[in-house]
Amino acid sequence: MKIAVCAKEVPDTTAEKRIDPDTGRLDRESGDKMLNEFDKYAVEQAIRLKEAGAAEEVVLVSMGPAKATDSLRQGLAMGADGLLLVSDDGLAGSDYLGTARALAKALEDVGAELVLFGAESTDGRGGVMAAAVGELMQRVWVTSANTLAVEGGNATVDRQTDEGVDTVTFALPAVVSVTKAINEPRYPSLKGIMGAKKKPQEVKGAGDLGIEGAGEAGAGTKVLGIETPPPRETGVKVKDEGDGAQQILDFLIEKKIL
Amino acid sequence: MCGVMLDPLFDTHREVRALAREVAQAEIAPRAEGWNARREVPLDAIAQLAELGLLGVTAPEEYGGAGLDVTALCVVVEEIARADVGVSVAIAAHSGLTVGPIVRFGTAEQREQLLPDLASGRRLGAYALSESDAGSDPASMRTTARREDGSWVMDGAKMWITNGGFADLFVVFARTGETGPRGISAFIAERGPGLNVGREIPKMGLHSSSTVELAFDGLRLDADRLLGEEGGGLAIALSTLDSGRIVVAAQACGIAGAALELSVEYASERSAFGGPIGRFQGVQFPLADIAARLDAARLLTLHAASLADAGLPHSAPGAKAKLVSSRLAVDAADVAVQTLGGYGYSAEFPAERLYRDAKITEIYEGTSQIQRLVIARDLLGDAARGGT
Ligand SMILES: Cc1cc2nc3c(=O)[nH]c(=O)nc-3n(C[C@H](O)[C@H](O)[C@H](O)COP(=O)(O)OP(=O)(O)OC[C@H]3O[C@@H](n4cnc5c(N)ncnc54)[C@H](O)[C@@H]3O)c2cc1C
C-alpha cells in the first residue's frame, strides 16, 4: 500500500508574517520557512504505518513555490520516500477550493490508497483541506483522528469530537486528517537529512496534472482589502458594592447581548 | 528577534542547523539549569544526540558518520552551546578532538576499528594533551611512553581532560624521545587498568561537563595504539587544535547569541520609570554593540571553517576567530547580567550561568594570549620569535 501525506511549507511560526498589501496575499518569498508543524504528525503516522508493515511507500504531496522542496525535505529526512510538489505560477492565489482541486489531481497522479493530512496549517488555519480533497476525490474522509490503525484494507480511527471520541472503521481508499494527539513526531536524524537529498523529488506544473479551476482565476473568493484589527479596548470594570449583578445586567442589555 | 538573520550557510548546513536548534531548544535548554545546579553530566541527553547522528558529524560516511565538515560541526556546537555550554563542549571534544585526529592520522585498521563506535556515539572520546605543569607549552609535557617488548608503557598524568569522567577512548600525547617538540607521540588509550580516572575538578562554570585528571601507571599499549608517526605527536596535537579552535569560536558565538537573546527579551519586557527599559540608550547601546560584534564573529568563524574545509591554511584565521568570539562571549554575558540587573546576578536565571560559562572560551584550546601569539607569528614570521 502507498500512503500520501499532504504537507505544506509555511512561514516560520516564530517570525513575523507579512501580507502583501497589493495582492492581499501572504508574502511567501521573504523570511524563513518551515514544514507546517501539524503535518509532521501526519508524516510520522505514515512512517510508523510503513515501519509496522502496513505500507510500502510514503510520498509527500504539496502545492507551493518551487523552493518549497527545501522545507518539505524535512519530511523526507524523517523517513518519507519521495515527494511530488505541484508548482506553477498560474496556481498562485488559489483559494481553499482551488488548492483542493490541485491536490486532488496530484493525489490521483500518485495513486495512494491512504491520504493523510495534518489538522490545519499554521498560516491559513482553515482546517478544511482533508474534507475538500476527500469530496473531490469521492472518497471516504475522516477528520481529527487521534489514532489510526490499518488492517486488511480497512482503517480504524478514534476521532475527537466536541462530545467525546468516536471510533470509526472504514474501507480504504480514504482521506484522513490527524490531530497532534496521534503521536510524537521524531526528529530527522543527521543521516536522514543527508539521505533526503537523494530521494526522488518531483515538481510538476498545473498542465502536467490537468489541474483546472485553481489559481487566482479559479478562485471563488477574492480579497477586497486587508486591515489590522483595532487594538482591544480595555473592558469595563465592575466593582461590586451590592449592585454588581445589576451593573453586569445593565451592561449586557446596553450591548444588546441580552 | 533580529529580523532576517545573517545567513551565509547553504542547504545542508542550514538543515543541520535546523535539526540542532530544534533538538537543543526542545531537549537541552529546558533541562540545562537543573544539570548545572546539580553538577550533573547529562549522559542521556548526549545519548539522544548520538542517536540523531550529532556525534558523528565529521566522521566519514563509510564509518557510519555524516561525512560533513568543520562548518557543520561549528553549526551544531553553536546551537547546542546556546542551550547548554557543557553539552556543547562534550560534542566538541568528542567530534573535533578525538574523531578528528583518528580520521586524519589513523591507519586504515585504526579507522575501521574505532570510528564506527565513535561516529554512532556508542563510545565517547576525550583528548588528553594538557598537564598540570604544561598547558600553553605542551612541548614541556612530562608524561612518557617507552618501548618494552614490542609494546608501549605509559607513565605520567594529564590535567583538565574534558569528557574524562565517562569517555571510553582517549587520544593521549606522551614523550617518547628527546626533549622538545619532536620527541612527542600520540596514542589511543582505552579506559581500563593502568589508566586511572581521577576526581572531577571543581570549576567556575561548565558544570554539566566532566573535567578530570588522568593518571597513567604503567599503562600498556600495543604497538598499533600509536597514532601517526613516532615523534609526530605534537604536530598532530597542534593541527587538531587548529580546527578545534574554530569550533570553540562557534561555541563562543552560541554563548553570545544566547546572552543577546536574553538581554533583548528582558529589555523589551522589564519596566522602569514608566516604560520598558529598552527605551533607554544606556540599555540599547551595549546590545547594539554585541549584535554587531556577533555578526562579525560568526562570519569570521564561518570563514575560518570554510578555509579548513577547503584544505587551506586556517591556523591564523582560526586563532582570530577564537580570539574575537571568546572575548565577545565574555562581554555579551556581562551585558546580559547588567541588563537583567538583580535577576542577572541571581543563580536561577540563565544570565548568571552564561557569565560563568563564557570565560572558559578564552582559556581552553589555547588561551587568548596564545591565539595572539599564533596571529603575531603569522604576521611577523621569524621576527616574532626574535630572529631576523
Ligand atoms: C574546563 C577545562 C577543560 C579543558 N579541557 C581540556 C581537554 O579536554 N584536553 C586538554 O588537553 N586540555 C584541556 N584543558 C586545558 C587547557 O587547554 C589549558 O588550561 C590551557 O591550554 C592553558 O594552559 P594552563 O592552564 O597550563 O595555563 P598556562 O599555560 O600556565 O598559562 C597561564 C597564563 O600564562 C599565559 N601564557 C602562557 N604562555 C604565554 C606566552 N608565551 N605568552 C603570553 N602569555 C602566556 C596564559 O595565557 C595564561 O594567561 C581544559 C581546561 C579547562 C579549564
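With a relative accessibility of 29%, B:V197 comes out as partly exposed (that is, between the cut-offs for buried, under 20% relative accessible area, and exposed, over 50%, using a 1.4 Å probe and protein chains only). This is a predicted model, where local features need pLDDT of at least 70 and side-chain atom pairs pLDDT 80 or more, while totals for chains, interfaces and linings use all residues. Residues count from 1 along each chain as its sequence is written, chains are lettered from A and ligands numbered from 1 in the order written, and side-chain values use heavy atoms, with hydrogens and water left out.

**Around B:V197**
- B:V197 sits in strand 6 of chain B (strands are DSSP runs of E, at least two residues, and helices are runs of H or I, at least four, numbered from the N terminus).
- Not counting residues up to four places away in sequence, B:V197 touches B:G164, B:G165, B:R191, B:V212, B:E213 and B:L214 (a contact means heavy atoms within 4.5 Å).
- B:G164 is 33 residues from B:V197 in sequence, yet their C-alpha atoms are 7.0 Å apart.

**Chain B overall**
- Chain B is built from ten helices and eight strands.
- Its radius of gyration is 21 Å, close to the 21 Å from the globule rule for 388 residues, so chain B is as compact as a globular protein of that length (the radius is over C-alpha atoms, and the rule is 2.2 Å times the number of residues to the power 0.38).
- Along the principal axes, the C-alpha trace of chain B spans about 80 × 55 × 40 Å.
- Of the 388 residues in chain B, 55% are buried.
- Take the chain B contacts between residues at least 6 apart in sequence: 71% of them join residues at least 24 apart.
- Chain B has 36 positive and 50 negative side chains, with the centres of the two sets 5 Å apart (Lys and Arg are positive, Asp and Glu negative, and His and the chain ends are not counted; charges are placed at NZ of Lys, CZ of Arg, CG of Asp or CD of Glu).

**Helix 2 of chain B**
- The buried residues of helix 2 (residues 43-51) of chain B are B:A45, B:I46, B:L49 and B:A50.
- They cover an arc of only 150° around the axis, which puts them on the same side of helix 2 of chain B (the arc uses directions from the helix axis to the C-beta atoms).
- Those buried residues pack against helix 1 (11-38), helix 3 (70-83), helix 4 (85-105) and helix 5 (108-120) of chain B.
- Just after helix 2 of chain B comes B:G53, with a positive phi of about 90°.

- Most residues other than glycine have a negative phi, and most peptide bonds are trans.
- B:D149, not a glycine, has a positive phi of about 50°; B:D149 is in the loop between strand 2 (144-148) and strand 3 (151-162) of chain B and is exposed at 73% relative accessibility.
- B:L206 also isn't a glycine and has a positive phi near 55°; B:L206 is in the loop between strand 6 (195-200) and strand 7 (211-221) of chain B and is buried, at 6%.
- Over in chain A, a cis peptide bond links A:L172 to A:P173, with omega about 5°.
- A:P173 belongs to the loop between strand 9 (165-171) and strand 10 (174-178) of chain A.

**Chain A overall**
- Chain A has eight helices and eleven strands, and its C-alpha atoms fill a box of roughly 70 × 45 × 40 Å along the principal axes.
- Buried residues account for 44% of the 258 in chain A.
- The mean positions of the 30 positive and 42 negative charges of chain A are 4 Å apart.
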